[in-house]
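Visitor: I'd like to learn how to read salt bridges in a model like this one. Could you walk me through it?

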Amino acid sequence: MKPMLRTATLAALLISCAAGQDEKWTSIFNGKDLDGWTPKIRGHALGEDPNKTFVVKDGAITVNYEKYADWGDAFGHLFYKTKYSSYRIRLEYRFTGDQVKGGPGWATQNSGIMLHSQDPKTMGQDQDFPCSLEFQLLGKGNGVKTTGNLCTPGTYITLDGKVNKTHCMNSKCPTLPLGEWVKAEAEVHGGKLVKHLINGQEVMQYSDLKLDESDSNAKPLIEIQGNNNLTEGYISLQSESHPVEFKNIEVMELKD
């Protein structure tokens, strides 16, 4: 190897190692309370959760419906305080118990991690879902037989080289039994690329993230931003009428 080439190669390796040292996992859930997290429940103002949908129990964020007489389309999301662009998020989830009375059939053993969510302050009071990319988590009792899927409220992506505006797209990972802890991880590179992993295995990959110009919730965001590129946003956890638990929630910011 020529001296100049050897020097350039060594410099690249040193930069790569330095970047790797900066990229470390940070817990965003303390296992004790919801410090840093804010609920947004359909029909209520940001921060209001009168039925205590999101609580902490035994070191996990527990989505529960003990105080619900009926579901009432009370779709909810629990937002973390920090906006991210390029990052990895990992956690463990499991579904438990029975769906609350009145919950839709498709929401049985159904929840999600919302990636690149819009600011919850911009959501309408009766808005069901934030404009985001839903890393969909399903249990074996759901009619869809895969987990780690993608749903796109107010957004769309490119899949297998083609623009895809299908609302939900399935991964290649089979669902797992009720009560079993499952490891979920997403790797997000700004507006360029997202990967979904279940129990350490990549199950889905898509690119070119966009806000949907035809969606009523996305239109105001596009007008404010001046374009429909989706390059950053908040992380939120979903409440869709079936009890679910989340624990060991960590984020690693990436030096893209």
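This is a predicted model: local features need pLDDT of at least 70, side-chain atom pairs count only at pLDDT 80 or more; totals for chains, interfaces and linings use all residues.

Visitor: Which side chain does Glu232 meet in a salt bridge?

Guide: Lys83, with 3.7 Å from N to O. That pair counts because the cut-off is a Lys or Arg side-chain nitrogen within 4 Å of an Asp or Glu carboxyl oxygen. Lys83 is partly exposed too, with a relative accessible area of 42%.

Visitor: Where do Glu232 and Lys83 lie in the chain?

Guide: They are 149 residues apart, so to speak in distant parts of the chain. Glu232 is in the loop between helix H2 (218–225) and strand E18 (233–239), while Lys83 belongs to strand E5 (residues 76–84).

Visitor: How many salt bridges are there by this rule?

Guide: The count is 6. Another one pairs Arg94 with Glu245, whose closest N and O atoms are 3.1 Å apart. This bridge joins strand E6 (residues 86–95), which holds Arg94, to strand E19 (residues 244–253), which holds Glu245, across 151 residues.

Visitor: Is Glu245 buried or exposed?

Guide: Buried: its relative accessible area is 15%, and the cut-off for buried is under 20%. Arg94, at 24%, counts as partly exposed.

Visitor: What about Arg42?

Guide: Arg42 bridges to Asp128, with the closest N and O atoms 2.7 Å apart. Both sit in loops, 86 residues apart: Arg42 between strands E2 (37–41) and E3 (54–57), Asp128 between strands E7 (110–117) and E8 (133–138). Arg42 is partly exposed at 27%, and Asp128 is partly exposed at 29%.

Methods:
Residues are numbered from 1 along each chain as its sequence is written. Side-chain values use heavy atoms; hydrogens and water are left out. Helices (H or I, at least four residues) and strands (E, at least two) are DSSP runs, numbered from the N terminus. Buried means under 20% relative accessible area, exposed over 50%, partly exposed in between (1.4 Å probe, protein chains only).
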